[in-house]
Amino acid sequence: MIRKGPFKGRTVAVVNDLGRDEQLYLYKKARELKEAALSGGDLSAFRLGERDYQVYLIFMEDSTRTRESFRNAAEFLGSRVNVFDAATSSFNKNESIADTIRMLAGYAEDSAFVIRSKLEGVCRSLEGPMARYAEQFGRPVPAFINAGDGKHEHPTQEFLDEFSFLEQLGWKRDRIHLALTGDLYHGRTVHSKVDGLGIYDEVVVDLVAPELLGMPAHYVEKMRRKGYDVRLYESLDEYLASGKVAPIWYFTRLQLERMGDAVLEKADSLRGALTFRKDMLGKLPEGTRFYHPLPRDRSRPTNPTFLDELPLNGWDAQSANGYWTRIVLLGMVSGLLGADFDGSPRPSPSFDENFIVEAPVAEHPVREYKVGIKPVEEGIVIDHIASGSPIEVIWSNIDAARRILGLNVRSSHGVYHNNKGSFKGIISLPDVTSFGERDLKKLAAIAPGCTLNLIRGSRVVKKYRLAMPPRIYAFDEISCKNPACVSAPAHQEGVVPEFLRKDAEAGEAATTFICKYCEREHAFREIWDV
Ligand code: NCD
């Protein structure tokens, strides 16, 4: 039987794939489940008991806790569970991830895929194509759950972390003060905190890491935009001396496997700044708890073993919470849980695709535009290219527009004064009478702010202003510049590149674009390969 709960088939590639209320629902249900389980209560509401529901665990990177807690969670649920062995699979015969998933999806009536990979954005890349596959074969849409993708995100770890913090806070969400320490640069679990901490009314985050392992700037910026009070420290000693120490500490391992040689060489001294010592114990606020997603390094842990039997040890209970929260998450995406959800659903992004706006045609003097020295009589003139930008940017945009649109026709172009005392580019195309929609989109994406003038009888008869589009996608000349992104051409995964304008929802004409898959930020010119 296929269940139809409100979260059925939901992909959880990043924390925010569950809205705030949806995350709170997950914590509430996990609390109910844990309490019932520990007191011998009735757990039947949490059991799917459906052999036609298949949970695939696909771990292309090492894992113990995440994989085993998902395996146990799926077994509790009563679905079929399959641990797909990536190491001996056709990935080694150069098969793409998408083809492998299509094959596996054919083996059960309904399925969820839990995927860990070095490539960033894998779950997001499968969500759309596999929804179409499901429709083609009359199947329910499969869910994709990110179990850690490169150094991007680890949303299910975030859910168990927040669940553990809520337990410590007695389920109060008015304020959280926590320290994140360790490898904040390569650690995906701390990156997921940026959104996961959004369930609290007030957030104070202390980031404790030497600069080389510091939280990437765009995450810090995002936390500040969300209104978090963010403070930065270079070492545990500096932090403890500050006198403003948090009662919740979240340690992370140095992610040696992701470090380049330059950082790796310094690993020992970096670790020194981040390792907790006995003499620090007296400087902690009362009731402090330490958390860690684990594993810790067995020879040089930053949360050393002398802490294991102290009340400070929060990580063992935290690790066990992975089981409860993952049962609930699988219960939600399988459609079993959710009938009692009464919060707001996650907002779905909406884009104003209307970036081509007809502009009024002023009483232009006849023969305004020229090709060479001759006026344009019939044709198209692209004006205001990169207006106000430095001259080299204007030339580069003219060049890019010409190459991307394949403007190998009789024409002229140049850089001219605009009416604001700076410069702009113009391309005159006397023989071109119209542009297709796709070319207009390309032009808007390569030279936002430009105008397109239709000339008839030497007069501008129509004028369109092309604004920065909210999405740039499916052009051959764009690609994500994050080498770890699943859509990066080198991986040949056949993922169609797509970029979303930052703050597009707020309607701002921002010039930063975010890769839909790995969420790497790109300056708008950077997404183009030309
Ligand atoms: C974390 C991970 O894989 O990102 N571990 C986990 O999921 N339990 C953290 C780590 O590997 O250090």
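Predicted model: local features only at pLDDT ≥ 70, side-chain atom pairs only at ≥ 80, totals over all residues.
Biologist: What area is buried between domain 1 and domain 2?

Modeller: In contact are 30 residues of domain 1 and 29 residues of domain 2. Carbon and sulfur atoms give 59% of the buried area. The area itself is about 2500 Å².

Biologist: Which three residues supply 28% of the area that domain 1 buries against domain 2?

Modeller: No other three residues of domain 1 supply more of that area. They are Tyr27, Lys151 and His154.

Biologist: How many salt bridges does the rule find across the interface of domain 1 and domain 2?

Modeller: Between these two domains, 14 residue pairs are in polar contact. Arg188 forms a salt bridge with Glu61, and their closest N and O atoms are 3.0 Å apart. Across the interface the rule finds four.

Biologist: Which element gives the largest share of the side of domain 1 that touches domain 2?

Modeller: Helix H1 (20-38), helix H2 (65-77), strand E3 (110-117), strand E4 (143-149) and helix H11 (315-333) each supply at least two residues of this side. By class, the side has nine nonpolar, eleven polar and ten charged residues. The largest share is eight residues, and their source is H1.

Biologist: Where do Arg31 and Glu35 both lie?

Modeller: The structure holds 36 salt bridges. Arg31 forms a salt bridge with Glu35, with the closest N and O atoms 3.3 Å apart. The two residues are four apart, about one turn of the helix. Both lie in helix H1.

Biologist: How far is an oxygen atom of the ligand from an N or O atom in the side chain of Arg188?

Modeller: Residues around the ligand include Thr66, His154, Arg188 and Arg253. For Thr66, a polar side-chain atom lies 2.9 Å from a ligand oxygen. For Arg253, an N or O atom of the side chain is 2.8 Å from an oxygen atom of the ligand. For Arg188, the value is 2.7 Å.

Biologist: Is the peptide bond from Leu294 to Pro295 cis or trans?

Modeller: Leu294 and Pro295 are among the residues that surround the ligand. Pro295 lies in the loop between strand E9 (289-291) and H11. Most peptide bonds are trans. This bond has omega near 5 degrees, and it is cis.

Biologist: What is the phi of Ala386?

Modeller: Ala386 is found in the loop between strand E13 (379-385) and helix H12 (391-404). Most residues other than glycine have a negative phi. Ala386 has a positive value, near 50 degrees.

Definitions and conventions. Residues numbered from 1 in each chain as written. Heavy atoms only, no water. Contact = heavy atoms within 4.5 Å. Buried area = accessible area lost by both parts, 1.4 Å probe. Salt bridge = Lys/Arg side-chain N within 4 Å of Asp/Glu carboxyl O. Polar contact = N/O pair within 3.5 Å; in protein donor to acceptor, adjacent residues only side chain to side chain. Nonpolar A, V, L, I, M, F, W, Y, C, P; charged D, E, K, R; others polar. Near = heavy atom within 4 Å.
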